[in-house]
Amino acid sequence: MNHASPLALDIGDLVKRYDTGTEALRGVSLDIKAGEFFGLLGPNGAGKSTLIHCATGLAQPTSGTIRIFGHDAISDYEQARLAVGLAPQELNLDWFLTAEETLDYHAGYFGMPKRERRERARELLDTFSLAAKKDDRTRTLSGGMKRRLVLARALMHRPRLLILDEPTAGVDVELRLELWHYVQRINGEGTTILLTTHYLEEAEQLCDRIAFINEGVVVATGTTDELAGEYGVTSLEDAYLGLVGRKELSRAHIGTDVG
Amino acid sequence: MTAAQIRFFSLVRREVNRFLKIKRQTVGAPLLETFLYISVFGAALGSRIDKLHGIDYVVFVIPGLIMMSWAINAFSNNSSSILQQKFQRAIDDQLSSPASPLELLLAFSLGGFLRGMIVALLTFAASSLLVDLPVEHVLVLVPALALVGFFFAQVGVLIGVRAEQFDDVSVAQTFVLQPLIFLGGVFYSASLLPEPFQTLTHFNPVYYMINLVRYGFLGYTEANVALSLVLLSLATLALFAVNRHLFVSGYKLRA
């Protein structure tokens, strides 16, 4: 018998059609192995966030299946969601709460006992240099601090699958590198990571495998080299430009445009 | 505590924490408002008004004011809290947690219910210091007030979930709830109204709520107590069922 450990995320033929008629996902299939660092790349509006929302209960799939560590995200949502931590793209913090309360309530929603919540919150506030701001309301935090807090919140309940939806959009160089180091470390410790980003060097540096998604369909999956090979180019960026049909923008052409 | 209990307690704690953090606005202001009503309608005008059905006017009005404060606060807390969290998308933190739709609905409901209860209890305590307020039928009063609180907590959740902008909440409060509550007989006895208004009042659900609460305090009612309790329970259950359906289907909460 095959006793292979279940996939961290197993998506089969996922379709999401909004009430407006827009078909954001048109039969997406994807699998992410436990322990993998997986990148999801695609242009704005490709369906990356919709896919993430379907996996975390924020959007309801029209059809298809989503399993998280073997638990169906719809029929067994309690177990499925316990395994996932989501750091969304928008900084969706509650203005009324302090930084520490934000972490404490989140862990409470995931059933973590008080003492454990306190310890975990202290640990993450220290890790993300937020300890001095723990009693400040989230509204008063800087953009970078809010970004750190959203990430700390996602990690509070020790998820086995961490989903990072464009975590480094608009953050400064130090924070970006800080995040890279941190997520690489927890990936090394066993946390599976799904990352969406527009920074291709970020995906190249961090991800074991990458999927290209465009117009609601996964068009290619593989390592950086495999994707470059598939598009007959030498870099991930050129492969991406091949995907979106903008090969003429390749850096290889810069400097040769004039004349 | 089990994980499920911790989860539910955290959801409720968040709602209570929200209104306590802005208690000047959420508890202080409604208390002041109630006292303005008592001063104007009770002390100032009341001295010029004869007794109503053998009861001092100010005493006749206070049960309705207590009920009104519970109702309005339960409504406005839940509608504002849900809309504000939807607006900031902070509600996604609860929606993507393992909490069930029923747990989420009950937790949001309890926030407003408890805020209304606090304001109503403070109004009751303070009124008792100012006037001699009897409690004739405590076994009717307690369930009646709790049902009214839960009914308006459900209305608040319903409006909050449906609302897309803050205007939607204030329109519901100003153009539907306030008129229903005022015309339900908080400040007067419906038996004093000329026709057709007296008959029309009987179609206002708040009329039965006020009569139940007034009966609980003063022993005076114009409506059948048992029938009113049954109807109020049914209406509350129906509203709860509608909200449960919205939470299960994810209406305007999950895309």
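A crossing of two helices counts as right-handed if the near helix is turned clockwise from the far one by less than a right angle, and as left-handed if the turn is anticlockwise. Helices here are DSSP runs of H or I with at least four residues, numbered from the N terminus. Before we use either idea, note that this is a predicted model, in which local features need pLDDT of at least 70, side-chain atom pairs count only at pLDDT 80 or more, and totals for chains, interfaces and linings use all residues. Residues are numbered from 1 along each chain as its sequence is written, while chains are lettered from A and ligands numbered from 1 in the order in which they are written.

Let's start inside chain B. The crossing of helix 3 and helix 9 of chain B is right-handed. Their axes come within 9 Å and cross at roughly 125°; axes are lines fitted to C-alpha atoms over the stretch in contact, with angles from 0 to 180 degrees between N-to-C directions. That angle makes helix 3 of chain B oblique to helix 9 of chain B (under 35 degrees is roughly parallel, over 145 roughly antiparallel, 65 to 115 roughly perpendicular, and the rest oblique). Helix 3 of chain B brings B:Val59, B:Pro63, B:Gly64, B:Ile66 and B:Met67 to the contact, and helix 9 of chain B answers with residues including B:Met209, B:Ile210 and B:Phe217. Contact here means C-beta atoms, placed from the backbone, within 7 Å. By class, this contact has nine nonpolar, one polar and one charged residues, where Ala, Val, Leu, Ile, Met, Phe, Trp, Tyr, Cys and Pro are nonpolar, Asp, Glu, Lys and Arg charged, and the others, Gly among them, polar.

Next, look at helix 2 (residues 23-44) and helix 5 (residues 101-130) of chain B, which pack at about 40° with axes 10 Å apart. These two helices are therefore oblique as well, and their crossing is right-handed. Among the contact residues are B:Pro30 and B:Leu31 of helix 2 of chain B, and B:Ile118 and B:Leu122 of helix 5 of chain B. The contact divides into seven nonpolar, four polar and one charged.

Now step out to the chain interface, which takes 24 residues from chain B and 26 residues from chain A. On the chain B side, helices 1, 3 and 4 each give two or more residues, and helix 1 of chain B gives the most, with nine. That side of chain B divides into nine nonpolar, seven polar and eight charged residues.

Definitions and conventions. Two residues are in contact if their C-beta atoms, placed from the backbone, lie within 7 Å.
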